[in-house]
Amino acid sequence: MATQTPAVHHSRIGSAVASGRGLMRAFFTRGSRRRRQEDILLELLGQLTLMTEEIHRANLIQQYRLTLDQMDRAIDDPALADAASTLTGLSEVKRRQMIFANRQYGNLLMAHRVGVYNWDELVGHLRVLCRNELFAEYWDRTDEHRRSLPTDSTEARVGAVVDVMIEELGDDPERWWVVGPGPQGSGLGP
């Protein structure tokens, strides 16, 4: 900065320069304060989004716990099993097996929905589950139940994968580890 003379401080030009400096400081201070406020706001919005997602997952888990409780009661009490199931012509033992197969599938689906399993892990677990003859029977008997699902829903997409797995297992049950879609990175997963 140039050497200042006392006359400049007392002149109009000196006052204008001093005022300008003050305004510039205030402008930059307000600008940085505003940027900081915007940064804080963005951070809070990010945290709010995460909290909302976590509450959604907690609600899914709670609803699933209620469903499991009802399934457990239906497995233990044949009268409740009759009330809870839409499948007809099943023995008491077979109805319990179908309810348990549904429970196993629901458990895998829930684990994926809340982030315990990624898509590839879910597909791997489904490959193993689809090898079970009782699960395959349950899947066949409940085909009409899945028709009412919105096609873009997670359950409909997973159901389509299980359909393919069961069909491919019917063709070659010895190669169970390759049925269904390839890894998500291959373009075959959702």
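## Burial and overall make-up

A residue counts as buried when its relative accessible area is under 20%. By that cut-off, 25% of the 190 residues of the protein chain are buried. The model is a predicted one.

The protein chain has 8 helices and 0 strands. Read from the N terminus, its elements follow the order α-α-α-α-α-α-α-α. Among contacts with a separation of 6 or more, 59% join residues 24 or more positions apart.

## Nonpolar cores

The largest nonpolar core holds 21 residues, and the members that touch the most others are Tyr105, Leu126, Phe135, Val158 and Val162. Two or more residues each come from helix 4 (92-113), helix 5 (119-130), helix 6 (133-141) and helix 8 (154-171). Helix 5 is the element that gives the most, with 6 residues.

With residues up to four places away in sequence not counted, Tyr105 touches Leu126, Leu129, Phe135, Trp139, Glu155, Val158, Gly159 and Val162.

## Packing of helix 4 and helix 6

Helix 4 packs against helix 6 with their axes 9 Å apart and at an angle of about 90°. Because angles of 65 to 115 degrees count as roughly perpendicular, helix 4 is roughly perpendicular to helix 6.

On the helix 4 side, the residues in this contact are Lys94, Gln97, Met98, Ala101, Asn102 and Tyr105. Helix 6 meets them with Leu134, Phe135, Glu137, Tyr138, Trp139 and Arg141. Sorted by class, the contact comprises 7 nonpolar, 2 polar and 3 charged residues. Tyr105 and Phe135, which take part in this contact, are also among the core members that touch the most others.

Arg95 is found in helix 4. Its relative accessibility is 9%, so Arg95 counts as buried, the cut-off being under 20%.

The side chain of Arg95 makes a polar contact with the side chain of Asp82, at 3.1 Å. Setting aside neighbours within four places in sequence, Arg95 is in contact with Ala81, Asp82, Ser85, Leu87 and Leu90.

Note on methods: Residues are numbered from 1 along each chain as its sequence is written. This is a predicted model: local features need pLDDT of at least 70, side-chain atom pairs count only at pLDDT 80 or more; totals for chains, interfaces and linings use all residues. Side-chain values use heavy atoms; hydrogens and water are left out. A nonpolar core is a set of buried Ala, Val, Leu, Ile, Met, Phe, Trp, Tyr and Cys residues joined through side-chain atoms within 4.5 Å. Buried means under 20% relative accessible area, exposed over 50%, partly exposed in between (1.4 Å probe, protein chains only). Helices (H or I, at least four residues) and strands (E, at least two) are DSSP runs, numbered from the N terminus. Contact means heavy atoms within 4.5 Å. Axes are lines fitted to C-alpha atoms, for helices over the stretch in contact, and angles run from 0 to 180 degrees between N-to-C directions. Angles under 35 degrees count as roughly parallel, over 145 as roughly antiparallel, 65 to 115 as roughly perpendicular and the rest as oblique. Ala, Val, Leu, Ile, Met, Phe, Trp, Tyr, Cys and Pro count as nonpolar, Asp, Glu, Lys and Arg as charged, and the others, Gly among them, as polar. A polar contact is a pair of N or O atoms within 3.5 Å; within protein, one must be able to donate a hydrogen and the other to accept it, and residues adjacent in sequence count only if both atoms are side-chain atoms.
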